[in-house]
Amino acid sequence: MKTVDKMEVLHSQTPEFIEQGETGKFLKLIPDTFIIKGDEVDGTFNQAYAIRHLNRRDMLLIDTVEASTKSAVKKLVEEGYNIKGILITCDGILKTAYADLATISKDAGDAPIYAHPRNNFKDSFKTKDLTAKDKTLDAFGINIFDLPGSEGASVVVYSDINDGMLFPGEDAVGSAYDSELNSFSRPEKKNENNDYGLAESWAAFDTPFTYLFPRKGKPGFNLEEGHQIDILNSLGKS
């Protein structure tokens with residue numbers, strides 16, 4: 001898998017780069033990995049992501065369901081990219097969806113939509129099982145971790161591209177962009193049992209990662225082993 005030239009991408013790995021980036025436009029963070037700023041909720045903008053395959057044609061999208069991301073996704077299709085799938089990390093993501101899943105799929109070139117099999121979507125669209133073995137996901141080096149989210153079933157998406165990238169959806173929240181901190185915490189507690197299960201899952205997580213790209217808050221870049229341990233200790237603290 002492709003690795004990272006740290007000097008090449010250093011400028012994009014700052015909170016200022018993301019904050020100043022245009023909403024609804026894919027911004028390149030590291031090789032073949034992009035962030036897109038979505039709707040602002042409670043003073044914090046949501047974040048979705050795209051991974052480009054090494055063949056330079058195929059794309060995998062993560063949580064791109066909001067009205068502010070619609071045009072950018074359609075533009076990818078117009079430019080000739082093949083959207084191989086849209087991954088939905090948890091039920092809560094669809095609270096800000098601009099349309100039903102059939103429309104979102106159509107706007108992405110009829111891309112399949114992957115979701116947790118125990119999802120509670122109020123939608124008749126047939127999603128693919130995000131936790132099952134899948135050739136498309138394998139092509140992007142994807143491994144799925146099934147975690148009990150703050151609102152029920154959820155997943156953490158891992159890709160071995162770029163020395164290991166973690167997309168926790170809403171299961172980990174980054175520091176605010178106006179903060180000097182660069183830490184991660186679990187989302188606000190909505191269910192005692194789910195929160196306990198999520199803490200236990202993070203405490204047991206042992207897959208190394210170099211980047212952490214959350215739904216909300218500052219991402220983590222070039223995370224060395226010590227920093228990874230600190231992050232997991234914080235997320236796993238009960």
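Me: Is Gln47 buried or exposed?
Reply: Gln47 counts as buried, because its relative accessibility is 1%. Buried means under 20% relative accessible area and exposed over 50%, with partly exposed in between, for a 1.4 Å probe and protein chains only. Please note that this is a predicted model, in which local features need pLDDT of at least 70 and side-chain atom pairs count only at pLDDT 80 or more, while totals for chains, interfaces and linings use all residues. Residues are numbered from 1 along each chain as its sequence is written, and side-chain values use heavy atoms, with hydrogens and water left out.

Me: Which strand holds Gln47?
Reply: Gln47 lies in strand β3. Helices (H or I, at least four residues) and strands (E, at least two) are DSSP runs, numbered from the N terminus.

Me: What does the side chain of Gln47 reach, and at what distance?
Reply: The Gln47 side chain reaches the backbone oxygen of Gly217 at 3.0 Å. A polar contact of 3.3 Å also joins the side chains of Gln47 and Tyr49. A polar contact is a pair of N or O atoms within 3.5 Å; within protein, one must be able to donate a hydrogen and the other to accept it, and residues adjacent in sequence count only if both atoms are side-chain atoms.

Me: Which residues does Gln47 touch, not counting those up to four places away in sequence?
Reply: Gln47 touches Ile18, Ile35, Ile36, Tyr177, Pro214, Arg215, Lys216 and Gly217 on that basis. Contact means heavy atoms within 4.5 Å.

Me: Changing topic: where does Thr89 lie?
Reply: Thr89 is in the loop between β5 (82–87) and α4 (101–107). Thr89 counts as buried because its relative accessibility is 1%. The side chains of Thr89 and Asp63 are joined by a polar contact of 2.8 Å. Beyond four places in sequence, the residues that Thr89 touches include Ile62, Ser154, Val157 and Glu170.

Me: How many residues are in the largest nonpolar core?
Reply: The largest nonpolar core has 26 residues, and those with the most contacts inside it are Ile51, Leu87, Ile142, Val157, Met165, Phe167 and Phe213. The elements that give two or more residues to this core are β1 (26–30), β3 (44–52), β4 (58–62), β8 (142–149), β9 (152–159) and β10 (165–167). A second, separate core of 25 residues includes Met59, Val65, Val73 and Ile86. A nonpolar core is a set of buried Ala, Val, Leu, Ile, Met, Phe, Trp, Tyr and Cys residues joined through side-chain atoms within 4.5 Å.

Me: And Ile142, what is it in contact with?
Reply: Leaving aside neighbours within four places in sequence, Ile142 is in contact with Ile51, Leu60, Leu137, Val157, Tyr158 and Ser159.

Me: Which residues other than glycine have a positive phi?
Reply: Two examples can be given. Asp32 has a positive phi of about 65°, and Asp110 has one near 60°. Most residues other than glycine have a negative phi. Asp32 is in the loop between β1 and β2 (33–41), whereas Asp110 is in the loop between α4 and β6 (113–115).

Me: Are those two buried or exposed?
Reply: Asp32 is buried, with a relative accessible area of 1%. Asp110 is exposed, with a relative accessible area of 58%.

Me: How many residues does helix α6 have?
Reply: Helix α6 (residues 192–204) has 13 residues and reaches 19 Å from its first C-alpha to its last, close to the 18 Å expected at 1.5 Å a residue. That expected span is 1.5 Å times one less than the number of residues in the helix. The N-terminal end of α6 is capped by Asn191, which has a side-chain oxygen 2.9 Å from the backbone nitrogen of Asn193. Within α6, the buried residues are Asp195, Gly197, Leu198, Ala199 and Trp202.

Me: Last one: where is Thr69, and which residues is it in contact with?
Reply: Thr69 lies in helix α3 and is buried, with a relative accessible area of 2%. Leaving aside neighbours within four places in sequence, Thr69 is in contact with Ile36, Gly38 and Thr64. Thr69 and Gly38 are 31 residues apart in sequence and 6.1 Å apart in space, C-alpha to C-alpha.
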